[in-house]
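Here is a short tour for a reader new to this structure. Take a look at the sequence and the model first, then read on.

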Amino acid sequence: DLAETPQDYVVRLEAPGIHKENLDINLTGNVLRITGHREAVQEGKGETYLYREREAGKFARTVRFPVPVEEGQIDAAYQDGILTVHVPKAAMAVGKKILIK
């Protein structure tokens with residue numbers, strides 16, 4: 001998910017069952033890239049899976065922001081399987097309201 005406020009962008013990614021050590025966030029210019037991988041679940045002793053809902057393997061998501069962002073102020077948190085990344089807009093991109101006298 002990608003949301004926008006006047007001050008920043010908020011990126012949310014569902015990643016249940018993935019350890020935060022298996023997630024990587026990079027910003028190059030105005031492009032945010034989130035990569036990660038989920039380990040395969042091992043079958044229990046005497047079990048044979050008939051159906052699997054949980055996928056294993058690598059994934060990547062890329063978000064291109066339409067305005068410059070503050071790369072040094074990005075904040076990321078991971079809680080309850082949701083990765084939330086706040087990406088502040090650069091000061092010049094936020095704009096300033098001009099009051100009419």
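## Order of elements and overall shape

Starting at the N terminus, the elements follow the order β-β-β-β-β-β-β-α. That comes to one helix and seven strands. The protein has a radius of gyration of 19 Å, while the globule rule gives 13 Å for 101 residues, so the protein is more spread out than a compact globule. The model is a predicted one.

The box that holds the C-alpha atoms tells of the outline. Along the principal axes, this box is roughly 80 × 25 × 20 Å. Buried residues account for 25% of the 101 residues. Contacts can also be sorted by sequence separation. Of those with a separation of 6 or more, 54% join residues 24 or more positions apart.

## The three-stranded sheet

Which strands make up the open sheet, and in what order? The order is β3-β4-β5, and the pairing is antiparallel. Its edge strands are β3, residues 23-28, and β5, residues 57-64. Each of these edge strands pairs on one side only. From one strand to the next, the twist averages 15 degrees. In general, strands of a sheet pair through backbone hydrogen bonds, in a parallel or antiparallel way.

Take the pairing of β3 with β4 next. Strand β4 covers residues 31-38, and six bridges link it to β3 in the antiparallel sense. Here Ile25 stands opposite Ile34 of β4. The two strands form a hairpin with two residues between them. Gly29 sits in that turn and has a positive phi of about 65 degrees.

On to β4 and β5. They run antiparallel and are joined by eight bridges. Gly36 has Phe59 of β5 standing opposite.

## His37 in strand β4

His37 belongs to strand β4.

What does His37 touch, once neighbours within four places in sequence are set aside? The contacts are Ile18, Asn22, Gly57, Lys58 and Phe59. Phe59 is 22 residues away from His37 in sequence. In space, their C-alpha atoms are 6.1 Å apart.

## The β6-β7 hairpin

Strands β6 and β7 run antiparallel, with five bridges joining them. One of the paired positions is Tyr78, whose bridge partner in β7 is Leu83. The hairpin of β6 and β7 has two residues between the strands.

Asp80 lies in the loop between β6 (75-79) and β7 (82-88). Asp80 is not a glycine, yet its phi is positive, at about 50 degrees. Most residues other than glycine have a negative phi. Asp80 has 73% relative accessibility, so it counts as exposed.

## Thr84 in strand β7

Thr84 is found in strand β7. Its relative accessible area is 17%, so Thr84 is buried.

## Rings and a charge

How many aromatic pairs does a search of the whole structure find? The search gives one. A separate feature involves a lysine and a tyrosine. Lys89 lies over the face of Tyr9, and the distance to the ring centre is 5.1 Å.

## The end of the chain

Leu99 lies in the segment that comes after α1, which covers residues 91-94. The relative accessible area of Leu99 is 70%, so Leu99 is exposed.

How far apart are the C-alpha atoms of Leu99 and Val41? They are separated by 59 Å. Along the chain, Leu99 and Val41 are 58 residues apart.

Conventions
Residues are numbered from 1 along each chain as its sequence is written. This is a predicted model: local features need pLDDT of at least 70, side-chain atom pairs count only at pLDDT 80 or more; totals for chains, interfaces and linings use all residues. Side-chain values use heavy atoms; hydrogens and water are left out. Rings of Phe, Tyr and Trp (its six-membered ring) pair if their centres lie within 6.5 Å; planes under 30 degrees apart count as stacked, over 60 as edge-to-face and the rest as tilted. A charge sits over a ring if NZ of Lys or CZ of Arg is within 6 Å of the ring centre and within 35 degrees of the ring normal. Two strands pair if DSSP finds at least two bridges between them. Helices (H or I, at least four residues) and strands (E, at least two) are DSSP runs, numbered from the N terminus. Axes are lines fitted to C-alpha atoms, for helices over the stretch in contact, and angles run from 0 to 180 degrees between N-to-C directions. Buried means under 20% relative accessible area, exposed over 50%, partly exposed in between (1.4 Å probe, protein chains only). The radius of gyration is taken over C-alpha atoms; the globule rule is 2.2 Å times the number of residues to the power 0.38. Contact means heavy atoms within 4.5 Å.
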